[in-house]
Amino acid sequence: MEITDPARTQSLVQGLADEYSRKILLSAIPAAKSVEDMSRENDIPLSTCYRRVHELLDAQILVVEKIIVTPDGKKYELLRSAFRAVSISFEGGVMKVDATVNEDVAEKLRRLWLSMRVAK
């Protein structure tokens, strides 16, 4: 999918250029993770990780996949990268950004099941 919104394109390019944001996005492609998990796995200071996560959420490059409420009432979010692949090209003096949506595994199975039902 081509990203045509200039603000989102700019946010995506900035997110990929920043080392911490890039680590966060890459670690959240295969599975949703908490900020604490991303901080620990990528050796990013927790406060920096929270700041980058908020920037990526605002840019809709990172999405909340699930909200967990613990038995003692604490709440935290599991976050996932919105895209699993991004390509940037310069064509005719214009930057073009194409991204592949990071589909949830459940969505993939649902589409497969629906395609099997139609094939009957």
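View 1. Helix α1 (residues 6-17) lies across β1, β4 and β5, and runs at about 110° to β4. Helices here are DSSP runs of H or I with at least four residues, strands are runs of E with at least two, and both are numbered from the N terminus. Axes are lines fitted to C-alpha atoms, for helices over the stretch in contact, with angles running from 0 to 180 degrees between N-to-C directions. A word on the model behind these views: it is predicted, so local features need pLDDT of at least 70 and side-chain atom pairs count only at pLDDT 80 or more, while totals for chains, interfaces and linings use all residues. Residues are numbered from 1 along each chain as its sequence is written, and side-chain values use heavy atoms, with hydrogens and water left out.

**View 2. The open sheet has 3 strands in the order β1-β5-β4.** Its pairing is antiparallel. Strands count as paired if DSSP finds at least two bridges between them. Between β1 and strand β5 (residues 94-101), the antiparallel pairing covers 2 bridges. Look for Ile-3, whose bridge partner in β5 is Val-97.

**View 3. Val-86 sits in strand β4 (residues 83-91).** Val-86 is partly exposed, at a relative accessible area of 33%. The classes are buried under 20% relative accessible area, exposed over 50% and partly exposed in between, using a 1.4 Å probe and protein chains only. Beyond its neighbours within four places in sequence, Val-86 is in contact with Leu-12, Leu-16, Val-97, Asp-98 and Ala-99. Contact means heavy atoms within 4.5 Å. Val-86 and Val-13 are 73 residues apart in sequence, and their C-alpha atoms are 9.6 Å apart in space.

**View 4. Helices α2 and α4 cross.** The axes of helix α2 (residues 19-27) and helix α4 (residues 46-58) come within 10 Å and cross at roughly 75°. The two helices are therefore roughly perpendicular to each other, a label for angles of 65 to 115 degrees; under 35 is roughly parallel, over 145 roughly antiparallel and the rest oblique. On the α2 side the contact is made by Tyr-20, Ser-21, Ile-24 and Leu-25, and on the α4 side by Thr-48, Cys-49, Arg-52, Val-53 and Leu-56. By class, this contact has 6 nonpolar, 2 polar and 1 charged residues. Nonpolar covers Ala, Val, Leu, Ile, Met, Phe, Trp, Tyr, Cys and Pro, charged covers Asp, Glu, Lys and Arg, and the others, Gly among them, are polar.

**View 5. Arg-52 forms a salt bridge with Asp-18.** The closest N and O atoms of this pair are 2.8 Å apart. A salt bridge is a side-chain nitrogen of Lys or Arg within 4 Å of a carboxyl oxygen of Asp or Glu, and the structure holds 6 of them. Arg-52 lies in helix α4 and Asp-18 in the loop between α1 and α2, so the pair ties together parts 34 residues apart in sequence. Arg-52 is buried at 14% relative accessible area, whereas Asp-18 is partly exposed at 22%.

**View 6. Glu-65 and Arg-80 meet in a salt bridge.** Their N to O distance is 3.0 Å. Glu-65 lies in strand β2 (residues 62-69) and Arg-80 in strand β3 (residues 75-81), so the pair ties together parts 15 residues apart in sequence. Arg-80 counts as buried at 7% relative accessibility, and Glu-65 is partly exposed at 36%.
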